[in-house]
Amino acid sequence: MNFADIRNHLYDKAEKTWWWSLLLGFSVQIFTVASTTVKDASFTVITSTILFFLPIVARWLQENSKDDTLKAIKCRLAILYSDAFEEDIPSDISREIKSLVDAGKLSKAPFKRPYYDSNLKAGPNRLADIVSESAFWTYRLSSDMGLIMFLYSGLYILSALTLIYFLFQINLGVGILINVAKLVVAMISLVFTSEAILLIKQYNELYSEAKQVYKITSKMVSDKKLKVAEIMQIVESYNILLISSPPIPAYLYRIKQDSLNKAYKRTLRNE
């Protein structure tokens with residue numbers, strides 16, 4: 001089995017699960033609007049039941065996504081160290097990584113070569129060069145994802161405002177209005193504590209931290225006295241950052257690949 005294909009399979013699986021969790025989160029908004037505006041007791045009971053389970057399922061999907069991301073990063077690190085030091089992946093780690101997937105479900109990784117483009121000889125400087133390139137891509141793409149999530153959260157807020165407008169256009173009894181008001185408050189609370197709002201913050205943090213990693217490692221590349229322990233500390237910190245951050249979708253990578261490759265090469269020429 002090809003390790004790049006395994007890494008791609010695990011990242012792709014984690015990403016799909018993550019997108020499903022976002023879709024379910026947005027479905028909560030839709031069902032909330034429906035259960036509040038449709039004056040049918042049976043419909044309200046059904047939608048309320050669905051509303052009870054959707055956040056649970058969404059959280060379960062998010063945890064599954066994190067598990068697959070951890071497996072993908074384990075594979076990514078094995079490839080990273082193998083490339084940087086030009087050594088084979090240890091047999092025990094190789095067996096562990098291969099056991100994470102079903103060989104029959106693997107497909108070729110869609111990335112165009114070179115995935116990493118370091119011309120340095122094996123050693124800590126090559127590792128710094130590879131991580132520098134990775135961090136460059138991460139901080140540039142996370143900036144784009146922050147904007148996408150800002151627009152996504154706007155849908156939450158728009159649905160809440162639409163619902164509030166609708167509620168004050170209909171003639172309801174005082175008792176019903178009180179109950180509806182409670183639902184509106186609950187919905188607004190959901191809007192401002194939703195995953196979309198949190199994702200904006202997380203992508204902004206990923207952008208800032210990855211950019212800092214890029215600045216540090218880009219300087220390490222030319223450091224002739226660079227020690228393995230120094231760059232390894234940065235690598236571990238960087239991977240902790242990736243583990244704790246939301247994913248960057250593969251489609252965004254493919255869309256931006258050519259332009260970011262050119263931007264990275266221009267950056268190298270200017271240093």
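Predicted model: local features only at pLDDT ≥ 70, side-chain atom pairs only at ≥ 80, totals over all residues.
User: Which residues touch the most other members in the largest nonpolar core?

Analyst: Numbering runs from 1 along each chain as its sequence is written, and side-chain values use heavy atoms, without hydrogens or water. A nonpolar core here is a set of buried Ala, Val, Leu, Ile, Met, Phe, Trp, Tyr and Cys residues joined through side-chain atoms within 4.5 Å, with buried meaning under 20% relative accessible area (1.4 Å probe, protein chains only). Of its 39 residues, the ones touching the most other members are Phe136, Met149 and Ile231.

User: And which helix gives this core its largest share?

Analyst: Helices are DSSP runs of H or I, at least four residues, numbered from the N terminus. Those giving two or more residues include helix 1 (3–37), helix 2 (41–85) and helix 4 (124–167). The largest share, twelve residues, comes from helix 4.

User: What does Met149 touch, leaving out residues up to four places away in sequence?

Analyst: Contact means heavy atoms within 4.5 Å. On that basis the partners of Met149 are Trp18, Trp19, Leu22, Ala196, Leu199, Ile200 and Tyr203.

User: Why does Phe53 count as partly exposed?

Analyst: Phe53 sits in helix 2. The partly exposed class lies between buried and exposed, the latter being over 50%. Phe53 falls in that class because its relative accessibility is 46%.

User: Which helix has the lowest mean pLDDT?

Analyst: The protein averages 78, and 74% of the residues score at least 70. Helix 7 (residues 228–243) has the highest mean, 90, while the lowest, 54, belongs to helix 5 (residues 174–192).

Notes
pLDDT = per-residue confidence, 0-100.
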